[in-house]
Amino acid sequence: RLGAVALIAVALSGCVAEQLPRYEHARDQTTSVMQRVLDELPPGSVKEDLTDDESFACGSVDGVFFTAHWGVYPPAGFDTEGFVENLLGELGPGFEEQDTTAASTVRFRSVEDGVLTTVRAVETDDGPAIDILATSPCAQEPSTLG
């Protein structure tokens, strides 16, 4: 009987250890990875935050993803395609490249926190830009309390 109680305690402690992170923490992790990309761009680059406040359900787990989207306009003459091509080398260790078939695109996952990020060189009406889209791992529903 004591063995059954110990087994239940171990099982419950495993559940607690695997609780989803707070949404706000997942959001901060995600924007931190995006900031690492932004920090590699030259001074004078202009960031436009295209993120909406919608969260997306995780699917089989009761939680949500935080997704952020930034458009960055570097100074004239900056090689956006070369930047994307060399980005992972500039970021250093801690990022695993993910498969992508799109041209001028790199997709990677942060080893530390699991943030999935896609960075693309794009051409806009305002000229060449860097498109950064990042998604957190599954997290708890956002807090609605002030």
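Are Tyr23 and Phe66 buried or exposed? Both Tyr23 and Phe66 are buried, where buried means under 20% relative accessible area, exposed over 50% and partly exposed in between (1.4 Å probe, protein chains only). The views below start from the whole chain and then return to this pair.

This is a predicted model, in which local features need pLDDT of at least 70 and side-chain atom pairs count only at pLDDT 80 or more, while totals for chains, interfaces and linings use all residues. Residues are numbered from 1 along each chain as its sequence is written, and side-chain values use heavy atoms, with hydrogens and water left out.

**View 1. The protein as a whole, with three helices and eight strands.** Helices (H or I, at least four residues) and strands (E, at least two) are DSSP runs, numbered from the N terminus. Of the 146 residues, 34% count as buried. The accessible surface is about 9200 Å², and carbon and sulfur atoms hold 51% of that; such areas come from the Shrake-Rupley method with a 1.4 Å probe, and for residues only the protein chains shown count as cover. Take the contacts (heavy atoms within 4.5 Å) between residues at least 6 apart in sequence: 57% of them join residues at least 24 apart.

**View 2. Tyr23 and Phe66, an edge-to-face pair.** Rings of Phe, Tyr and Trp (its six-membered ring) pair if their centres lie within 6.5 Å; planes under 30 degrees apart count as stacked, over 60 as edge-to-face and the rest as tilted. The count by this rule is three aromatic pairs. In one of them, the centres of Tyr23 and Phe66 are 5.9 Å apart and the planes stand at 85 degrees, so the pair is edge-to-face. Tyr23 belongs to helix α2 (residues 23-39), while Phe66 lies in the loop between β3 (64-65) and β4 (67-73), 43 residues away.

**View 3. Phe78 and Phe83, a tilted pair.** Here the ring centres are 5.7 Å apart, with 55 degrees between the planes. Phe78 is partly exposed at 26% relative accessibility, whereas Phe83 is buried at 9%.

**View 4. Ser136 and its contacts.** Look for Ser136 in the segment after β8. Ser136 has 2% relative accessibility and so counts as buried. Setting aside neighbours within four places in sequence, Ser136 touches Ala26, Thr30, Phe65 and Phe66.

**View 5. Lys47 over the ring of Trp70.** The charged end of Lys47 is 4.0 Å from the ring centre of Trp70. A charge sits over a ring if NZ of Lys or CZ of Arg is within 6 Å of the ring centre and within 35 degrees of the ring normal.

**View 6. The one disulfide of the structure.** Cys58 and Cys138 have their sulfur atoms 1.9 Å apart, where a disulfide is a pair of cysteine sulfur atoms within 2.5 Å. The torsion about their S-S bond is about 110 degrees, so the disulfide is right-handed. This link spans 80 residues, from Cys58 in the loop between β2 (56-57) and β3 to Cys138 in the segment after β8 (127-135). Cys58 is buried at 16% relative accessible area, and Cys138 is buried at 14%.

**View 7. The largest nonpolar core, with 25 residues.** Such a core is a set of buried Ala, Val, Leu, Ile, Met, Phe, Trp, Tyr and Cys residues joined through side-chain atoms within 4.5 Å. Val37, Phe83, Leu87, Phe108, Val119, Ile130 and Ile132 have the most contacts inside this core. Two or more residues come from each of α2, β4, α3 (80-91), β6 (105-110), β7 (116-124) and β8.
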